[in-house]
Amino acid sequence: MKKIQISPSILSADFSQLGNEIKRLEEGGADMIHVDVMDGHFVPNLTIGPDVIKQIRPFSDKIFDVHLMISPVDKYIEQFANAGADIITFHPEATKNTAETIKLIRKFKKKVGISLKPKSEISLIRDYLDKIDLVLIMSVEPGFGGQKFMPEVLPKLKELKKIIDKEKYNVDLEIDGGINFQNSKTAKEAGANILVSGSTIFKENSGDLKKNINLLREN
Ligand code: DX5
Ligand code: ZN
């Protein structure tokens with residue numbers, strides 16, 4: 001049974017204080033830091049790029065779990081790798097050749113994640129499960145924090161867990177979008193061992209990061 005890890009999304013953090021916010025997350029017990037990169041093309045929102053990641057890198061030794069919602073993605077992999085990303089997760093719809101993108105991330109000695117949007121099928125990634133470290137299941141349409149959890153992605157999560165267990169792949173299952181204290185247990189029971197959360201962690205219990213991270217981990 002894989003250890004449950006919490007990866008708070010800084011999309012809901014105070015962007016004018018990103019370095020300190022990351023320090024607060026580490027002090028609050030975050031297992032890794034989820035960094036949502038958006039290009040206004042793959043998703044209708046724009047956030048941060050490699051230069052910002054380079055500047056926030058020194059604020060924590062925690063794993064930077066970088067979620068690239070950008071396309072085309074290949075030409076930016078090197079910059080994110082050099083900026084300090086530890087896990088680089090991409091969307092298969094953002095590349096012409098998934099196997100090549102995996103190889104490119106491996107070339108920079110980074111962990112490889114592939115993300116499935118709510119309507120993206122397992123068939124998009126089935127042939128790569130033995131070559132990657134993580135599948136990021138989106139439980140909202142990518143682009144914004146604070147959206148409502150989409151329970152219709154749970155059967156896909158369960159199916160992936162079944163495949164990974166049967167084939168004994170060493171792949172983490174991360175769920176991302178609308179995770180809160182009411183659905184975190186359901187998500188873990190469905191097979192997720194990494195929970196991403198932005199608004200629940202930063203906004204609930206008057207923004208008590210430690211309490212919210214522990215509640216998600218333990219609930
Ligand atoms: C959405 C991002 C998610 C989002 C999670 O495109 O990938 O990581 O920031 O935020 P909440 O937890 O507020 O849904
Ligand atoms: Zn994300």
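Student: Before we look at anything, what is a polar contact?

Tutor: A polar contact is a pair of N or O atoms within 3.5 Å; within protein, one must be able to donate a hydrogen and the other to accept it, and residues adjacent in sequence count only if both atoms are side-chain atoms. Here, the side chains of H91 and H67 are joined by a polar contact of 2.9 Å. Keep in mind that this is a predicted model, where local features need pLDDT of at least 70 and side-chain atom pairs count only at pLDDT 80 or more, while totals for chains, interfaces and linings use all residues. Residues are numbered from 1 along each chain as its sequence is written, chains are lettered from A and ligands numbered from 1 in the order in which they are written, and side-chain values use heavy atoms, with hydrogens and water left out.

Student: Where is H91 found, and is H91 buried or exposed?

Tutor: Helices (H or I, at least four residues) and strands (E, at least two) are DSSP runs, numbered from the N terminus. Buried means under 20% relative accessible area, exposed over 50%, and partly exposed in between (1.4 Å probe, protein chains only). H91 sits in the loop between β4 and α4, and H91 is buried, with a relative accessible area of 0%.

Student: Which residues is H91 in contact with, leaving aside neighbours within four places in sequence?

Tutor: Contact means heavy atoms within 4.5 Å. By that rule H91 is in contact with F42, H67, L68, M69, S115, K117, M138 and P142, leaving aside its neighbours within four places in sequence. The C-alpha atoms of H91 and I114 are separated by 5.8 Å, although the two are 23 residues apart along the chain.

Student: Which residues coordinate the zinc ion (ligand 2)?

Tutor: Start with the donors: these are N, O and S atoms within 2.8 Å of the metal (3.2 Å for Na, K and Ca), and water is not among the atoms, so sites may look incomplete. The zinc ion (ligand 2) is coordinated at 2.1 to 2.3 Å by H34 (NE2), D36 (OD), H67 (ND1) and D176 (OD). Along the chain, the donors follow the spacing H-x1-D-x30-H-x108-D. D36 is buried at a relative accessible area of 7%, and H67 is buried at 0%.

Student: What is the geometry of the site of the zinc ion (ligand 2)?

Tutor: Four donors count as tetrahedral if all angles lie between 85 and 135 degrees; four count as square planar and six as octahedral if opposite donors are over 155 degrees apart and all others between 65 and 115; anything else is irregular. Ideal angles at a metal are 90 or 180 degrees for six octahedral donors. The zinc ion (ligand 2) has an octahedral site, with angles of 73 to 176 degrees among its six donor atoms.

Student: How many residues surround ligand 1?

Tutor: A residue is near a molecule or strand if one of its heavy atoms lies within 4 Å of it. For ligand 1 there are 20 surrounding residues, and the closest are D36, G143, D176, G198 and S199. An oxygen atom of ligand 1 is 2.8 Å from an N or O atom in the side chain of D36, and an oxygen atom of ligand 1 is 3.1 Å from an N or O atom in the side chain of S9. A backbone N or O atom of G146 also lies 2.8 Å from an oxygen atom of ligand 1. The protein covers 100% of the 380 Å² of accessible area that ligand 1 has on its own; such areas come from the Shrake-Rupley method with a 1.4 Å probe, and for residues, only the protein chains shown count as cover.

Student: What does the side chain of S7 reach?

Tutor: The side chain of S7 reaches the backbone nitrogen of H34 at 3.4 Å. S7 is found in strand β1 (residues 5-8) and counts as buried at 0% relative accessibility.

Student: Which residue has a positive phi although it is not a glycine?

Tutor: K109 has a positive phi of about 55 degrees. K109 is placed in the loop between α4 (98-107) and β5 (111-116), and K109 is exposed, with a relative accessible area of 74%. K168 also has a positive phi of about 55 degrees without being a glycine.
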